[in-house]
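Please brief me on this chain. Cover the overall build first, then the elements and residues that stand out.

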Amino acid sequence: MDDGLATPAEDAARFSALQARLATQFQTIFPVQRAARTIVVLPSLTLDAEVLTKIDGAIHYEQRLLCMLLLLRYPAARVVYVTSEPISPAIIDYYLQLLPGIPRDHARRRLTLLSCHDPSPRALVEKVLERPRLMARLKAAMGDPDQAHLTCFNVSTAERTLALRLGVPIYGCDPDLLPLGSKSGSRKLFRDAGMTLPEGFEDLRDGQDVAGALAALKARDPGLRRAVVKLDEGFSGEGNAVFHYGAASAPEAILATLPDMDFVARDLDWARFEEKFVEMGGIVEAFIEGENKRSPSAQYRIDPSGRLEAISTHDQVTGGVSGQVFEGCRFPADPAYRREIQAEGMKAAEALRQHGVLGRFGVDFISVPDMEEGGNGWRHYAVEINLRKGGTTHPYMMLEFLSDGAYDADSGTYRAPSGQPLFYYASDNLCAPQYRGLTPPDLIDIVVDNGLHFHTSTQEGVVFHLIGALSEFGKLGLVCVAASPERAEELYHQTVEVLDREGAAG
């Protein structure tokens, strides 16, 4: 039992021993469909709280992992799902009805929902740790710790503390390895792995460092028009700022113009950005220009036995200032380069495996057409490692759980058991003022009335997430699955049209 008095080194050693039990579970429980098991889902966004407040409905992002409820398709599996605020029963019913071949009531008996009843903008894991009675209920619902594991959005030292107190391992990366996924850590790992990355500098600590790095970049490439300044622990582009080169080229002159940067996060200025930069450090790198610029990513998984596999590729849909904010994705990535980025990302993935990383993670790229003489392909610049369940994780997990198909790494495609290829278009940021006031039951009525729900027989349709953010923020997430990329995107636009019409009708 963790008493809070252990040293970090002692905690790390105990956590390592606890994680060894996951390897045993992986060998004896995971492969057996009818084996008893408990999955404790803690969808805590244990990230910078101030940056999180810039995202509308951030607390409802805890619902992005509700796709994990589909693990109840295993008849002896139990799921314990913990959130800051209670989830509407209509949302839970919506997910349970997606279960193939399992009566909803049977699944519901094996599901435990726990809530902190605390909407404050702090990490969920912190709220859980400070509530001993909730912890006791969590332990009781979890049952035998030898048959249980935690799954989280990301794993910080707080999640490690929770695991130690519960006595269960986490299917995720040891927090001591998190620096590998910072912006600075990513650049260093890419370089060591022999990958192409934008010109830049890492391990910067303050405004003076930023100005010096920007000046050095300009000296290397006098034609450079823009550069990106990134907080080491930023996410979804919210910790980025774009610097536009003007007449200033010396560090002192550049320092004076840093307040004029385009800050991606809403209501963030240089004074607060620099405070954050001093707190967590960051990088500066050249802005990759290009008329047909893409933002693909490749996802990988390292299982408890140490096996590494490529599991998906995506083209990310970005928006905001200079296309820095993640808004959604297309699966799989463009066939022109999907296998290229998968192979390139594998270099980083193998390096991460050597470091002992566990679980799902992604490698992000910026890709532009090769404009050199004779070039007819693409150039891929590695820009970031996400050692967490990122924005491409839950759509892909939903596809897996709904279709029970498999990803073919050789072709970069996904096929249902029938052999039918499947594609999707997903968004975390479908948002409109007229959606405000629509409740979860309203959404379900609209979906059914307009034939948008997912059909297991045809393997086509729309699955929603972030439903809890709909009424207050007019915000929603969705995954549109179909047998072709064109049909998947058509479903997305059809859904937007229906929601726009129904929302306006009141």
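A contact means heavy atoms within 4.5 Å. Helices (H or I, at least four residues) and strands (E, at least two) are DSSP runs, numbered from the N terminus. The buried residues of helix 3 contact helix 4 (104–109), strand 3 (111–115), helix 13 (393–403), helix 14 (440–449) and strand 18 (461–465). This is a predicted model, where local features need pLDDT of at least 70, side-chain atom pairs count only at pLDDT 80 or more, and totals for chains, interfaces and linings use all residues. Residues are numbered from 1 along each chain as its sequence is written, and side-chain values use heavy atoms, with hydrogens and water left out.

**Overall build**

- The chain holds 16 helices and 19 strands.
- Its radius of gyration is 23 Å, which agrees with the value near 23 Å for a compact globule of 506 residues. The radius is taken over C-alpha atoms, and the globule rule is 2.2 Å times the number of residues to the power 0.38.
- The C-alpha trace spans about 65 × 55 × 45 Å along its principal axes.
- Buried residues make up 57% of the 506. Buried means under 20% relative accessible area, exposed means over 50%, and partly exposed lies in between (1.4 Å probe, protein chains only).
- Among contacts with a separation of 6 or more, 68% join residues 24 or more positions apart.

**Surface and charge**

- The chain exposes about 20400 Å², and carbon and sulfur atoms supply 50% of that area. Accessible areas come from the Shrake-Rupley method with a 1.4 Å probe; for residues, only the protein chains shown count as cover.
- There are 51 positive and 69 negative charges, and their mean positions are 6 Å apart. Lys and Arg count as positive, Asp and Glu as negative; His and the chain ends are not counted. Each charge is placed at NZ of Lys, CZ of Arg, CG of Asp or CD of Glu.

- Helix 3 covers residues 89–96, and six of its eight residues are buried.
- Those buried residues are A90, I91, I92, Y94, Y95 and L96.
- S184 belongs to helix 8 (residues 183–192).
- S184 counts as buried because its relative accessibility is 1%.
- Leaving out residues up to four places away in sequence, S184 touches E202, D203, D232, G282 and I283.

- Five strands form an open antiparallel sheet in the order 5-9-6-7-8. Strand 5 (200–204) and strand 8 (262–263) stand at its edges with a single partner strand each, so one side of each has no neighbour in the sheet.
- Two strands pair if DSSP finds at least two bridges between them.
- Strand 7 (residues 240–244) pairs with strand 8 over two antiparallel bridges. There, A241 has F263 as its bridge partner.

- Strand 14 (residues 378–386) is mostly covered, with eight of its nine residues buried.
- Eight antiparallel bridges link strand 14 to strand 13 (residues 359–369). D364 stands opposite E384 of strand 14.
- Strand 12 (residues 325–331) is also mostly covered, with five of its seven residues buried.
- Strand 12 pairs antiparallel with strand 11 (residues 308–319) over five bridges. V325 of strand 12 stands opposite G319.
- Strand 12 also pairs antiparallel with strand 17 (residues 421–431), over four bridges. C329 stands opposite A426 of strand 17.

**Backbone points to check**

- The peptide bond between F331 and P332 is cis, with omega about -10 degrees. P332 sits in the loop between strand 12 and helix 12 (338–355).
- D404 is not a glycine, yet its phi is positive, about 60 degrees. D404 lies in the loop between helix 13 and strand 15 (406–408). With a relative accessible area of 52%, D404 is exposed.
- Q459 also has a positive phi, near 60 degrees, and is a residue other than glycine. Q459 lies in the loop between helix 14 and strand 18. Its relative accessibility is 11%, so Q459 counts as buried.
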